[in-house]
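Please look at the sequence and the structure before reading on.

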Amino acid sequence: MQQLHEKVNIVPVIGKADTLTPEECAEFKANVMKEIENNKIKIYQFPVDEFEDDEEAQDLQAQLPFAVVGSNTILDIKREENPGSDVPLGYCGGRESGSL
């Protein structure tokens, strides 16, 4: 990252977030952001002028790193088919969050 951050936009992402509890995910996000700041790595800043108000861009920036879940299965949730994953705590879906 230290070699790339001057050349490309970096958007930090945590993959397989469905394997973490919400508390673990929050702690991991904080650790990642701390490491990024300690190493003075520049990450992508969402352009304020592309949003209707400044708060939207700030909200996105505050959610970094994004926690993502990949899925290749379709779940029947509330009589709708949605991509998602069954996990021990419930389900984690792309269009609608379950109990995670």
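Lys 40 follows helix 1 and has a positive phi, near 55°. The structure is a predicted model.

Helix 1 itself runs over residues 22-38, 17 residues in total. From its first C-alpha to its last it reaches 24 Å, close to the 24 Å expected at 1.5 Å a residue.

Three residues of helix 1 are buried, namely Cys 25, Met 33 and Ile 36. They lie on the same side of helix 1, because the arc they cover around the axis is only 65°. These buried residues pack against strand 2, which spans residues 66-67. On the other side of helix 1, the exposed residues are Glu 23, Glu 27 and Lys 34.

The aromatic side chains form a second topic. In general, two values describe a pair of aromatic rings: the distance of the centres and the angle of the planes. A search of the whole structure gives two aromatic pairs. One of them joins Tyr 44 and Phe 46 in an edge-to-face arrangement, with 5.1 Å from centre to centre and 85° between the planes. Ring pairs also link Tyr 44 and Phe 46 with Phe 66 into a cluster.

The table gives the accessibility of the residues Tyr 44 and Phe 46.

| Residue | Relative accessibility | Class |
|---|---|---|
| Tyr 44 | 26% | partly exposed |
| Phe 46 | 17% | buried |

Phe 46 counts as buried because its 17% relative accessibility is under the 20% cut-off. Tyr 44, at 26%, counts as partly exposed.

Conventions. Residues are numbered from 1 along each chain as its sequence is written. This is a predicted model: local features need pLDDT of at least 70, side-chain atom pairs count only at pLDDT 80 or more; totals for chains, interfaces and linings use all residues. Side-chain values use heavy atoms; hydrogens and water are left out. Rings of Phe, Tyr and Trp (its six-membered ring) pair if their centres lie within 6.5 Å; planes under 30 degrees apart count as stacked, over 60 as edge-to-face and the rest as tilted. Buried means under 20% relative accessible area, exposed over 50%, partly exposed in between (1.4 Å probe, protein chains only). Helices (H or I, at least four residues) and strands (E, at least two) are DSSP runs, numbered from the N terminus. The expected span of a helix is 1.5 Å times one less than its number of residues. The arc is that of the directions from the helix axis to the C-beta atoms. Contact means heavy atoms within 4.5 Å.
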